[in-house]
Amino acid sequence: MTLMDVTTPETGGMPDPGGEYGEVFTRRWVVELILDLVGYRATEDLGATTIVEPSCGQGAFLVPVVERLAEACDRHGRSLRDMDGAIRGIDLLEHNADFTRKAVLDKLLELGEPIDVAERLAGAWVNSGDFLLTDHGGWEADFVVGNPPYIRLEDVPTDRREGYRRELSTMRGRADIFVGFFERGLSLLRPNGRLGFICADRWMRNQYGEGLRSLVAGNYALDGLVVLHDVDAFTTLVAAYPAITVLRNGPQGPAKVTDTTAAFGPDDAVAVAEWMSVADADPPLGKGAFRAAELPTWFSGGGHWPAGAPCDLELIAHLEEHFAPLEDARTGTRVGIGVATGCDEVFLTTQAEGVESSRLLPLLTAADIAGGTPDWGGRYLVNPWQDGELVALADFPGLARYLESHGRRVRARHVARRCPSRWHRTIDKVDPSLRARPKLLLPDMKAAAHPVLEHGQFYPHHNLYFVVSEHWDLEVLGGLLLSDVANLFVGAYCVKMRGGTYRFQAQYLRKIRVPDPEAIPDSASENLRAAFRARDRAAASAAAWPLYGVDANTRVLQRPTMSREHS
């Protein structure tokens with residue numbers, strides 16, 4: 001192996017032994033669970049396979065791997081001494097590689113191998129090097145397992161960090177190092193080979209994980225996910241939000257998901273591993289330690305993947321397969337956000353003396369709809385747009401005087417500095433048709449969806465999102481958005497704020513699935529309409545769930561009733 005020249009001269013071209021390398025070591029029973037989940041079992045002919053551990057640390061994975069390999073060789077008539085190519089363990093730090101080599105050597109001696117064979121195998125199996133930058137020379141793997149380092153990319157020395165960014169397309173923004181371990185590990189997999197890592201699961205929802213999500217969704221399959229947020233999975237206490245992710249080099253099929261509690265332990269791990277290894281098996285009873293469900297598929301694309309209880313993910317996966325999204329050209333339904341100005345203290349006002357009335361646009365903010373109906377607070381948008389074009393200030397002397405009186409602040413905005421001749425623009429254009437359209441407005445931050453119908457008198461501020469539609473009765477749609485169906489989707493996809501507050505941003509609203517408006521029975525429409533008018537979330541949920549084929553009391557899937565084909 002060759003370690004690329006990304007080390008510093010201060011350490012003689014080698015990694016700093018006193019540096020921070022994000023080492024967190026895994027408990028034995030968790031290692032055994034990961035090996036079971038990827039299928040590295042002694043009942044299989046492991047001597048015909050290759051397993052890679054890319055950050056072997058102090059041998060937490062490799063010692064159990066050696067034990068399983070030895071047992072498999074006995075079962076399948078192979079000699080362990082011929083298994084030079086069956087294991088590859090790598091660690092950035094030579095002292096870790098030495099420690100693991102010694103642990104593997106001791107295990108081989110314990111298994112009865114002579115000292116010369118044990119030394120040869122331990123030396124062949126464990127090496128030092130940078131897994132992310134090493135030329136793996138055509139190596140392929142049937143299994144890649146481990147607990148990759150927990151360290152942010154910006155905490156890595158500059159030369160090494162630049163090397164990672166050059167070599168690994170998924171290492172974006174403030175990515176954690178383990179993102180690169182996923183990419184490099186996946187690249188080694190043979191067809192149907194499996195990767196099993198335990199690491200923080202934030203990459204499934206954070207911005208820096210977008211590249212990895214796209215890579216997985218486009219080229220690999222997520223077979224299993226075991227969320228271990230409250231489980232004592234490591235030898236030291238860390239707040240890492242860990243999960244075991246099992247990926248396969250093959251087409252996506254069903255995905256099995258388990259969410260655990262602090263009570264989850266070795267016996268539960270055995271039950272989960274057994275269930276996940278058997279196709280179409282019923283989920284085991286967690287008895288307070290875990291909940292499990294099988295999804296018909298996993299979620300596609302590089303956008304945020306949902307989080308939540310396995311039963312909720314199972315329901316979301318079904319609804320996404322059978323129902324169309326809220327934003328849909330066929331119903332003329334669009335989701336958007338209100339106007340951002342870059343200087344609200346100037347462009348939003350209750351008094352703008354001398355400004356032409358045609359330049360004042362009545363504006364609603366989140367505070368104006370807090371009561372469930374529009375209650376205008378008297379604010380206007382000082383509007384520099386007309387028919388989608390920026391007005392000439394010479395044509396509106398009142399507007400010109402007003403903006404010039406605040407010229408220093410308005411010109412200091414980035415959007416103004418970027419194009420000084422258009423310094424009086426707002427960040428967003430004003431859509432000339434939006435004000436007059438009936439629309440549902442939703443505030444950005446709420447504990448639950450809060451849709452409010454505005455009949456076409458006001459323009460929304462950028463702390464409000466809007467939904468307009470050509471075909472929906474907006475009160476019926478408002479009832480759906482008030483219901484727990486909307487909260488299910490937004491809660492699963494959004495990044496939650498402190499205290500559990502949801503972000504009802506456009507990207508999350510677009511995740512909501514809705515029934516075909518033309519197929520909703522009149523009685524159900526009336527119930528949704530009445531619930532929306534009364535702001536009755538429970539009644540809205542009771543009316544909405546059956547339209548998705550879901551029992552309103554148990555939220556158990558019965559059958560899809562209002563679905564339609566969508567692309």
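Reply: The discussion that follows takes up a helix, a strand residue and a loop residue in turn. Please bear in mind that this is a predicted model.

Me: How many residues does helix H6 have, and what distance does it reach from its first C-alpha to its last?

Reply: An α-helix has 3.6 residues a turn, so residues three or four places apart point the same way. Helix H6, residues 177-188, has 12 residues and reaches 18 Å, close to the 16 Å expected at 1.5 Å a residue.

Me: Is H6 mostly covered or mostly uncovered?

Reply: Of its 12 residues, 11 are buried; among them are Phe178, Phe181, Phe182, Glu183 and Arg184. The cover over the buried residues includes strands E4, E5 and E7 together with helices H5 and H7.

Me: Strand E4 contains Asp142. Is Asp142 buried or exposed?

Reply: The cut-off for buried is under 20% relative accessible area. Asp142 has 18% and is therefore buried. Its side chain makes a polar contact of 2.6 Å with that of Arg190. Beyond four places in sequence, Asp142 also touches other residues, including Ala48, Thr49, Thr50 and Arg194.

Me: Where is Pro296 placed, and which residues does it contact?

Reply: Pro296 belongs to the loop between strand E9 (290-295) and helix H9 (310-322). With a relative accessible area of 40%, Pro296 is partly exposed. Leaving aside neighbours within four places in sequence, Pro296 is in contact with Gly253, Pro254, Ala317 and Glu321.

Me: How far apart are Pro296 and Gln252?

Reply: They are 44 residues apart in sequence, and their C-alpha atoms are 9.6 Å apart in space.

How values were computed: Residues numbered from 1 in each chain as written. Predicted model: local features only at pLDDT ≥ 70, side-chain atom pairs only at ≥ 80, totals over all residues. Heavy atoms only, no water. Helix = DSSP H or I, 4+ residues; strand = E, 2+ residues; numbered from the N terminus. Expected span 1.5 Å × (residues − 1). Buried < 20%, exposed > 50% of the residue type's maximum accessible area, 1.4 Å probe, protein only. Contact = heavy atoms within 4.5 Å. Polar contact = N/O pair within 3.5 Å; in protein donor to acceptor, adjacent residues only side chain to side chain.
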